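The following note sets out numbered points on the model shown below.

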Protein chains: 2
Amino acid sequence: MRTVTIADVAKHAGVAVSTVSYVLSGKRAISATTSQRVMQSVRALGYHPNAGARALASKRSNVIALVLPLRAGMHLPVLMQFATSVVTTARQFDHDVLLMTADEGPDGLRRVAASALVDGLVLMDVEIHDPRVPLLRELEEPSVLIGFPADASGLTCVDLDFARAGAICADHLASLGHREIALLGAPNVVYKRGTGYAERTMEGFVEAGQAHGMTAVAWPCEESFDEVCATVKALLEEHPALSGLVVHNEAAVGHVLGALRVLGKRVPEDMSVVAICPDDVAERASPPLTSVLIPAADVGHQAVRLLMAKLEGSTVPPATLLEPRLTIRQSTRKH
Amino acid sequence: MRTVTIADVAKHAGVAVSTVSYVLSGKRAISATTSQRVMQSVRALGYHPNAGARALASKRSNVIALVLPLRAGMHLPVLMQFATSVVTTARQFDHDVLLMTADEGPDGLRRVAASALVDGLVLMDVEIHDPRVPLLRELEEPSVLIGFPADASGLTCVDLDFARAGAICADHLASLGHREIALLGAPNVVYKRGTGYAERTMEGFVEAGQAHGMTAVAWPCEESFDEVCATVKALLEEHPALSGLVVHNEAAVGHVLGALRVLGKRVPEDMSVVAICPDDVAERASPPLTSVLIPAADVGHQAVRLLMAKLEGSTVPPATLLEPRLTIRQSTRKH
DNA sequence: GAGGTCTGTCGAAGCGCTTCGACGGTGTAT
DNA sequence: ATACACCGTCGAAGCGCTTCGACAGACCTC
């Protein structure tokens, strides 16, 4: 069973090869009757254009690269959500997604770009000083970054507005009358790496808190139960009047709740808790947590949308910040 | 800056195009001096073969498809680990990975296969009665499945030996002198879907338990804290003498521990707990849990290895079961 | 009704690579 | 010396597709 080529379709439909191509691509006007006849032949023969040939002739592979970090300290479920939305959106634009890990480094990017394997790139978890960033500027292929490097000039970046997310948490707690609040963040290693979003959340939180005249502190937080316990305990010792807690660490959310239970702090009676995490984690907790959603699906969608626009030659805004959304559940109350 | 082609390299090195090709592929003997000269030119010009042209001429894209489920009830982190190992292993074989979600269904597979976009497929989370399975048999492209459909004839499947995993847990608890044990499994929806691994774990657990003359029961378990609490409570009411608990639900592991704490059961003094989950989750818990590792990385590695073997025309075993490994930590003790 | 403009279709020229058969040149056996 | 094998290299023929220029015919316009 030799695979069906465009020539087979052309013969079957009684037209020229180029006509079939134009019917399929719509790049030239074709009469309705011819078009129908061709489409019928396509279906009858089960024709699927050969991706390699198409790429070779058109200089477009219709594949984009998705570069995921896959390192310690990442929020895996969020990542997955994100990847899903990238794939789904890409398919809507008739593109497929090549999955790459960051550990091939800049060479990996160069390889797929230079070999014309992909038309464009979406990179996740970009670091403040990322060795891949200078390369991206050189590349012919357009790219979109999730997150912001220190120097974002000449690049297209998308991200949740983490500073706003931190600020929104502080605002919410302020509006409830809390005066002393804290944020528990990512593990230390994430800050060391300079990933950016963690810092920005902290800054937004602290600034907003101070603007409200509150005492607002931000601590990193490891992810094991025992360490979370120790951190929460230390935090309470240093700030006995603490009544509002923001947790920006998906893996630690459950542990923080457990720790508060162990330390005899009821939620929300003694301590209001806001989480920055996906909705399902917040809903699954007990009590269900007031949370700021990380709109992973939206970020992925926007990233692909921007990339497609660039592929078509449009100019796009260099920075796209997605507005965080607070959902009030049962873990926060008036103080 | 036009992209460098093999003709440029040939001219630069003063040889024929075909000679360059043979140097690069090693498919014919080339003298050391010529070979070196060519490689120098390759480096000097920064040559990267065009993937489309290569695929067209050689009928090999050097890309494999990875089909992930991305549905409710999956253990996301495990999935991610798995994906990583697939990508890494594929790269070792000089292949890239195309990421697909299951929601395009069989058509998606047909599309990438018929378009010669990929040379082979790795499918995850195969269901007992999976609509994609019959299609796989028809496809020219080889494939490897993670998990076992009801009818695995003509297919190549890899998986953790979940029945053994369940059994090992029961064995371990038996050896510690426990007489009444239970397994908390996946949410009900997973069983309804007929994913296979969940059932097999339960069966292995129950059979081994009975073989030891123990009372062994298996319950499904939802993933919210409150529902976990209710389930554990109901379980203890029905089996007051219960002293060993196996949790095969990554998302619920933390909640089960919390629930036991709430119900006044100490671990391991009053209740031995074994988890079937990745090591990091077990280590992060308090106390660190005795656990059976799901060797996601290994499964991914094996899957790719088998696929590559099939691509080279070797025949491979139809079923590969990976042996689970019990790591004893601090959550189990003599009864 | 001559000239011009569209429309719809065709043929052919690549795109950059692999691979097959051919062919000098060198080494080995007769 | 002759025959033969083999080694290293070359040239050319595709792989299946897109796209450009050409062109016949239909339709206007003055």
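1. A salt bridge is taken here as a side-chain nitrogen of Lys or Arg within 4 Å of a carboxyl oxygen of Asp or Glu. Between chain A and chain B six such bridges are counted. One of them joins the side chains of B:Asp96 and A:Arg111, with 2.8 Å from N to O.

2. The model is predicted, and local features need pLDDT of at least 70, side-chain atom pairs count only at pLDDT 80 or more, and totals for chains, interfaces and linings use all residues. Residues are numbered from 1 along each chain as its sequence is written, chains are lettered from A and ligands numbered from 1 in the order in which they are written, and side-chain values use heavy atoms, with hydrogens and water left out.

3. Chain A is divided into domain 1 (6–49), domain 2 (63–160 + 296–322) and domain 3 (162–294); the bounds come from an automatic or database domain assignment. Between the C-alpha centres of domain 1 and domain 3 of chain A the distance is 60 Å.

4. The contact between the protein chains (heavy atoms within 4.5 Å) involves 45 residues of chain A and 46 residues of chain B. About 4,000 Å² is buried between chain A and chain B, 66% of it on carbon and sulfur atoms. Buried area is the accessible area (1.4 Å probe) that two parts lose on being put together, summed over both. Of the area that chain A buries against chain B, 17% is supplied by A:Met80, A:Leu99 and A:Arg284, more than by any other three residues.

5. Twelve residue pairs, both members at pLDDT 80 or more, are in polar contact across the interface of chain A and chain B. A polar contact is a pair of N or O atoms within 3.5 Å; within protein, one must be able to donate a hydrogen and the other to accept it, and residues adjacent in sequence count only if both atoms are side-chain atoms. The elements of chain A that give two or more residues to the side touching chain B include helix H5 (76–92), strand S2 (96–101) and helix H6 (105–114). H5(A) gives the most, with eight residues. Helices (H or I, at least four residues) and strands (E, at least two) are DSSP runs, numbered from the N terminus.

6. By class, the side of chain A that touches chain B has 26 nonpolar, nine polar and ten charged residues. Ala, Val, Leu, Ile, Met, Phe, Trp, Tyr, Cys and Pro count as nonpolar, Asp, Glu, Lys and Arg as charged, and the others, Gly among them, as polar.

7. DNA strand C is surrounded by 29 residues, the closest being A:Thr19, A:Thr34, B:Ile6, B:Arg28 and B:Tyr47. A residue is near a strand if one of its heavy atoms lies within 4 Å of it. At the bases, a side-chain N or O atom of B:Tyr22 lies 2.6 Å from a base nitrogen of DNA strand C. H4(B) gives the most to this surface, with five residues.

8. DNA strand D is likewise surrounded by 29 residues, and the closest are A:Ile6, A:Arg28, A:Tyr47, B:Thr19 and B:Thr34. Polar backbone atoms reach phosphate oxygens of DNA strand D at 2.3 Å from A:Ile6 and at 2.8 Å from B:Ala16. A polar side-chain atom of A:Tyr22 lies 2.6 Å from a base nitrogen of DNA strand D. H4(A) gives the most to the surface near DNA strand D, with five residues.

9. Which parts of the DNA account for the atoms within 4 Å of the protein? For DNA strand C, 57% of these atoms belong to sugar or phosphate and the rest to bases; for DNA strand D, 56% belong to sugar or phosphate.

10. Most residues other than glycine have a negative phi, and most peptide bonds are trans. A cis peptide bond joins A:Val267 and A:Pro268, with omega about 10 degrees, and A:Pro268 lies in the loop between H12 and strand S9 (272–276) of chain A. Another cis bond joins A:Ser286 and A:Pro287, with omega about -5 degrees. A:Ala116 has a positive phi, near 60 degrees, and lies in the loop between H6 and strand S3 (120–123) of chain A.
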